[in-house]
Amino acid sequence: EEVDASSRDNTYLEVFSMADVYNPWIVKLIDRSFIGRKSFSITDFVVYRGDIYLLDTRGLFRFEFTKGLNVRLVGSYEADQGFTKVAVFQSTLDGKEFIALANSHAVYEIDWTVNYQPVEVAKYSLLHNSFVQSLWLNEDFVVIQASANVTVGNGSMINNYTWVMDRGDRTYSTAFKIIDHKSWRAITQFCRKDSRLMVGDERGISTYQLVEPYLTIHSANQGLVGQSFSSVIQAVSKDPYY
């Protein structure tokens with residue numbers, strides 16, 4: 001929830017115990033004094049596999065629950081790049097942990113498997129002056145719901161898209177899937193396990209099953225059946241809404 005300008009550097013997160021739903025009680029208050037900083041401006045948070053990820057204007061903090069319902073800081077990623085959204089994913093293949101951080105012009109993918117040694121592995125460019133509303137990450141895709149004020153001729157227009165990118169694709173211009181929304185009044189939910197995307201906007205609710213594309217080529221020359229051969233494929237990709 002938003003705060004006024006005088007309180008933006010003193011935001012906090014309250015963690016409640018719901019063991020008794022009729023009598024919830026505060027387990028921990030995470031604020032600037034808890035992490036030993038003069039200011040703490042929370043822009044987003046995620047609870048993933050029992051850990052809490054708090055995004056501040058100057059970095060990301062990871063907290064875990066210990067025995068006795070205590071909360072402790074186990075990692076931080078300092079980054080003064082105006083990040084406003086965070087997504088977290090842990091691979092079931094190799095156990096690596098990845099985070100995605102979004103600001104007004106890009107999404108950064110970080111390998112945070114080792115808490116004290118984060119490594120940037122990819123950067124996905126966005127339309128200039130984008131406002132990212134939702135951000136998701138799994139084994140194959142990065143899903144970004146964003147609005148952007150773009151220049152068209154002598155004027156401007158607001159673009160409201162959900163971009164589905166293959167991991168490592170780098171830019172919105174090569175997005176795997178583009179979903180257009182009439183306005184910013186849209187919501188996306190993404191199931192990381194089976195890459196199923198649900199989109200709700202002014203048109204209604206739609207679901208998408210995301211599957212990696214594949215292309216099979218067969219030679220018309222019967223003499224090449226069962227043999228390897230070289231070929232050239234030419235294709236043009238464009239935004240269907242322009």
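A nonpolar core is a set of buried Ala, Val, Leu, Ile, Met, Phe, Trp, Tyr and Cys residues joined through side-chain atoms within 4.5 Å; buried means under 20% relative accessible area, exposed over 50%, and partly exposed in between (1.4 Å probe, protein chains only). The structure shown is a predicted model, in which local features need pLDDT of at least 70 and side-chain atom pairs count only at pLDDT 80 or more, while totals for chains, interfaces and linings use all residues. Residues are numbered from 1 along each chain as its sequence is written, and side-chain values use heavy atoms, with hydrogens and water left out.

In soluble globular proteins, nonpolar side chains tend to be buried together. Here the largest nonpolar core has 39 residues, and those with the most contacts inside it are Leu-60, Leu-101, Val-107, Leu-135, Ile-144 and Trp-163. Apart from this core lies another, of 11 residues, among them Val-27, Ile-52, Leu-54 and Val-71.

The next feature is a sheet. Strands (E, at least two residues) and helices (H or I, at least four) are DSSP runs, numbered from the N terminus, and two strands pair if DSSP finds at least two bridges between them. Four strands form an open sheet in the order β11-β12-β13-β14, with antiparallel pairing. Because β11 (130-137) and β14 (177-180) stand at the edges with a single partner strand each, one side of each is left without a neighbour in the sheet. Strands β12 (residues 141-152) and β13 (residues 155-166) pair in the antiparallel sense over 12 bridges. The bridge partner of Val-142 in β13 is Met-165.

Arg-37 lies between α1 (32-35) and β3 (42-48) and counts as buried because its relative accessibility is 17%. Its side chain makes a polar contact (a pair of N or O atoms within 3.5 Å; within protein, one must be able to donate a hydrogen and the other to accept it, and residues adjacent in sequence count only if both atoms are side-chain atoms) with the side chain of Asp-56, at 3.2 Å.

Most residues other than glycine have a negative phi. Arg-49, in the loop between β3 and β4 (51-56), has a positive phi of about 50° although it is not a glycine. With 53% relative accessibility, Arg-49 counts as exposed. Arg-170, in the loop between β13 and β14, also has a positive phi, near 85°. Arg-170 is partly exposed, with a relative accessible area of 45%.
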